[in-house]
Amino acid sequence: MVIERTLAIIKPDAVGGGVSGEILARIHKAGFRIVAIKSLRLTKAEAEGFYAVHRSRPFFADLTTFMSSGKVVVMVLEAENAIARWRDIMGATDPAKAAPGTIRREFGSSIQNNCTHGSDAPDTATFEIGYFFPGVDLI
Ligand code: GDP
């Protein structure tokens, strides 16, 4: 198994709802190493840059307004198979369709306000990690 890194975000709904600690506890229990972590509020333009791949989707404006509506916690997580494992722990995009026990099922409230983000492939993980931690030595 290859050690991988992924970008995880605790979204504004979860930070505002006071469940960041519970989500961080799950990250620790699942055995991820937190390589880097910071809390910030994205501007609308920064959210648009992060989600540029979704620019043509009908929900792009709503999504980027939501992602810039409050503070987020952004992390680089490291583990074997980190990308797929973090997505398994988050659950499906739509909390209503996510498996019982997953973070999105327990803490998400809609397909948009689904409490966490995780990179979906190695190339997107590289882009997303660089987007938030540019030029930083992640050791
Ligand atoms: P993810 O990889 O599971 O996060 O899902 P996607 O890459 O398909 O979508 C990115 C993010 O856009 C999701 O996490 C949601 O916050 C949001 N999103 C996805 N589908 C919809 C939708 O149909 N409507 C709205 N409003 N937001 C959506």
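**Notebook: a sheet, a helix and a ligand**

I began with helix α7, residues 122–132. Helix α7 lies across β1, β2, β3 (72–80) and β4. I read its angle to β1 as about 55°. I note here that the model is predicted.

**Entry: the sheet**

Next I looked up the sheet under the helix entry. In what order do the strands of the open sheet come? I found β2-β3-β1-β4, 4 strands with antiparallel pairing. Then I checked the edges. They are β2 (33–40) and β4 (116–118), and each of these strands pairs on one side only.

**Entry: strand β1 and its partners**

I turned to β1, residues 3–10. How many bridges join β1 to β3? I counted 8 bridges, and the two strands run antiparallel.

Then I went to β4. Strand β1 is joined to β4 by 3 bridges, again with an antiparallel run. Which residue in β4 stands opposite alanine 8? It is glycine 118. For isoleucine 9, I found histidine 117 as the bridge partner in β4.

**Entry: salt bridges**

I looked up salt bridges and found 4 in the structure. I picked one to follow. Glutamate 78 and arginine 5 meet through their side chains, at 2.8 Å from N to O. Where do the two residues sit? Glutamate 78 is in strand β3 and arginine 5 is in strand β1. They are 73 residues apart, and the pair links distant parts of the chain.

**Entry: the ligand**

Last, I looked around the ligand. Its surrounding residues include Lys11, His54, Arg57, Phe59, Leu63 and Arg87.

- Lysine 11 has a polar side-chain atom 2.9 Å from an oxygen atom of the ligand.
- Threonine 93 has a polar side-chain atom 2.5 Å from an oxygen atom of the ligand.
- Glutamine 112 uses the backbone: an N or O atom lies 2.9 Å from an oxygen atom of the ligand.

How much of the ligand does the protein bury? Taken alone, the ligand exposes 550 Å², and the protein buries 81% of that.

Notes
Residues are numbered from 1 along each chain as its sequence is written. This is a predicted model: local features need pLDDT of at least 70, side-chain atom pairs count only at pLDDT 80 or more; totals for chains, interfaces and linings use all residues. Side-chain values use heavy atoms; hydrogens and water are left out. Two strands pair if DSSP finds at least two bridges between them. Contact means heavy atoms within 4.5 Å. Axes are lines fitted to C-alpha atoms, for helices over the stretch in contact, and angles run from 0 to 180 degrees between N-to-C directions. A residue is near a molecule or strand if one of its heavy atoms lies within 4 Å of it. A polar contact is a pair of N or O atoms within 3.5 Å; within protein, one must be able to donate a hydrogen and the other to accept it, and residues adjacent in sequence count only if both atoms are side-chain atoms. Accessible areas come from the Shrake-Rupley method with a 1.4 Å probe; for residues, only the protein chains shown count as cover.
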